[in-house]
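Please look over the structure below. A short report on selected residues follows.

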Amino acid sequence: MTSGDETLSAGVETGPSIDRVVTAPDGDTEIIDDITLPEIMLNHVQEHGDEVALRWKRYGVWKEFTWDSYYDRVQYITLGLESLGFGHDDVLFSIGYNRPHQLWAWLGAQTLGGMAAPNYEDMLPDAIGNQLELLDPKVAYAEDQEMVDKLLQVADRADDLEAIVYRDEKGMFRYEDTEPPVLSYEELEERGREQLENGAVTDDEFEGWIQELDPDRPAMLPPTSGTTGMPKRVKLSHFNFVNLANAAIEIDPLPEGSDYFSYLPMAWIGEQMILMAAAFLGGWTANFPEEDDTESEDLREIGPEIIFSSPGAYEGWVADIKAQIENTTWLKRTVYNAAMAIGNRYAEYVSGDKREQDPPALLRFGHWLSYWAVYRPILDKIGLKRAKNVYTGGGPLGEDHFQYYHALGVPLKQIWGQSEVCGFVTMHRDGDIQVDTVGEVFPNVEVGITPGGELVVSGPVVTSGYYNQPEKTEEALEGDWLHTDDFGAITDDGHVKVFDRMDDVLELADGSAVAPISVETKLKFNPYIKEALVVGDGRESLSAVLNMRYDNVSEWADQRDIQYAGYRDLTQKEPVLELMRGVIEETNEKLDEHKIERFVVLFKEFDPDDGEMTRTGKIRREIVTNRYQELIDGIYEGRDSVAIDVTITYQDGRESVERGEMTVVDVETRAEAPVEGGGADG
């Protein structure tokens, strides 16, 4: 198929009924079918082994690893895994923070013909047990004592688990007689080093293992987001990763040695794609933070050229900036507002309604001056000063947030994809960034739209199916096409729009369809709102359940001498409710129709541990709606307040039931004092 798009008749025998297909605007690129991820690493060693491949901050100092030393570490861990009986088709279960050791372990598993299955570090034991049953791994990698303890609680749910390998030795004593056995990462590496030193495996033999790997073998088993239930495991091959990375680099090339900062969860497919595939093919340098608590500081120190973050990260940065501006001096606030007025006008020419026009010379000069006087210091504080290739993915970023970054001069681009397609399917191109789309299709990929509005995908990035779940595979794949379950559209000029998940679109009582996420992202542009659940399916109007952004709201309350006893008490204070009412009033002005009429501020945050959000920060809409159905019914019944019981789950798996009474606020009426005893009662 040539680049562009075409219309297909309904009833295609090899796949779903598709109204239209769109492909890459500049045509396809060469398919790479003869190389694996470990082999690309080996090529770097042979061509420029003394160049820096990776940095990891330790004790305040950035430790550098060349491609030679990178390869050595992969050798050691590979042979260490082999000593545990790990081999072809085996699974390495990994759970940990952003550390190079987890990456080296993945590559070790792949070199032995196995697969790596990363997991989110804050998973609860029962969720870990579910994944152990599904994957039945041979070896588990765990970051620290806490994660080892979680694994040991449920290790009996994996029949073939031979060992748990930990990286951080803090507290790791008295683990001598566990089942399965527990050993340190250093010990496992030492086993591998000894095999090399005593000649049990030679360097040539090791290279032979790499060169004999089949590109079509599954390399990774990333989890799906789990918005509707337990995350599935997607089988992605070396072929999938290499071809997606090759297409991405063709669209947005960067010089070798460009810096990437790894801080998004390593279980997220986008992080895997960049760390192993794009960084390998592009020769980029991966940088790992010292600790979770130092991520912001470490990001600023590196100031990477490549930034790939989830919408939550971009929303958080905006909230922090706006909160700081509100609390600064009158003069600084005035200068900032003047600069942002210029930036907002400039952004219209970059990605808004005026993008087909050149900005006037005076506006260009004003934006240049504002950049050096205002925007650049702001970007330096969050680590974006040197950013050239800046992406958001994993969910929709609201148009207000998107334009905010373009106003600051950040060349932000939207990516759309999911785990089943190696993370990326569409991306904005330079000179054609449209705020209301997710860009154009990658080379070698086709995106179609069904008569019902579902987006479907075909091409070398598509998974061969789900691990150990053939019935789920059959539901997702139809011929060469993957059902994404995303409701969207294709524009006349070949851009893709994503409105919401097919199952999440609300239908009001009058038959109007509303994509709730488009309203929620507008609400979250305000620095005082962290999360929002917009409801109204089958109702006459929209309502909202809000999570406040505690740090910003508490500072706002402190400045006004508002007394409160923690998060839950603050949510029901009359001034806070009035603050939130004003936010919704402002948001309603941006909505063409279907305004939010009533809302509550939830006495707790939506939490992944309570099953309310995915580990990537997406609200599990069906689950949350069902959980708070009594609260939602109370909003629509016209009550002044609603009291509900909620089960809270803690990190160690303990549960408690807490009762919260929340004031229901009518947006058109000034918020009244909450009911006596409002807030949460233990």
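In which helix does His101 lie? His101 is part of helix α3, residues 100-111. Helices here are DSSP runs of H or I with at least four residues, strands are runs of E with at least two, and both are numbered from the N terminus.

This is a predicted model, in which local features need pLDDT of at least 70, side-chain atom pairs count only at pLDDT 80 or more, and totals for chains, interfaces and linings use all residues. Residues are numbered from 1 along each chain as its sequence is written, and side-chain values use heavy atoms, with hydrogens and water left out.

**A buried histidine**

Is His101 buried or exposed? His101 is buried, because its relative accessible area is 6%. Buried means under 20%, exposed over 50%, and partly exposed in between (1.4 Å probe, protein chains only). Setting aside neighbours within four places in sequence, His101 is in contact with Trp56, Arg73, Tyr141, Arg167 and Tyr185. Contact means heavy atoms within 4.5 Å.

**A negative patch**

Glu47, Asp50, Glu51, Asp68, Asp72, Asp203, Asp204, Glu205 and Glu256 form a negative surface patch. Helices α2 (67-83) and α7 (203-211) are the elements that each give two or more residues to it. The most comes from α7, with three residues. Asp204 lies in α7. Asp204 counts as exposed because its relative accessible area is 61%.

Some terms need their cut-offs. Patch residues have over 30% relative accessible area and no salt bridge; like charges are joined within 9 Å. A salt bridge is a side-chain nitrogen of Lys or Arg within 4 Å of a carboxyl oxygen of Asp or Glu. Asp and Glu count as negative. The place of a charge is CG for Asp and CD for Glu. Accessible areas come from the Shrake-Rupley method with a 1.4 Å probe.

**Backbone features**

Where is the cis peptide bond? It joins Glu179 and Pro180, with omega about 5°. Pro180 sits in the loop between β8 (163-166) and β9 (182-184).

Key. Patches are made of residues with over 30% relative accessible area and no salt bridge: like charges are joined within 9 Å, nonpolar side chains (Val, Leu, Ile, Met, Phe, Trp, Tyr) within 5 Å.
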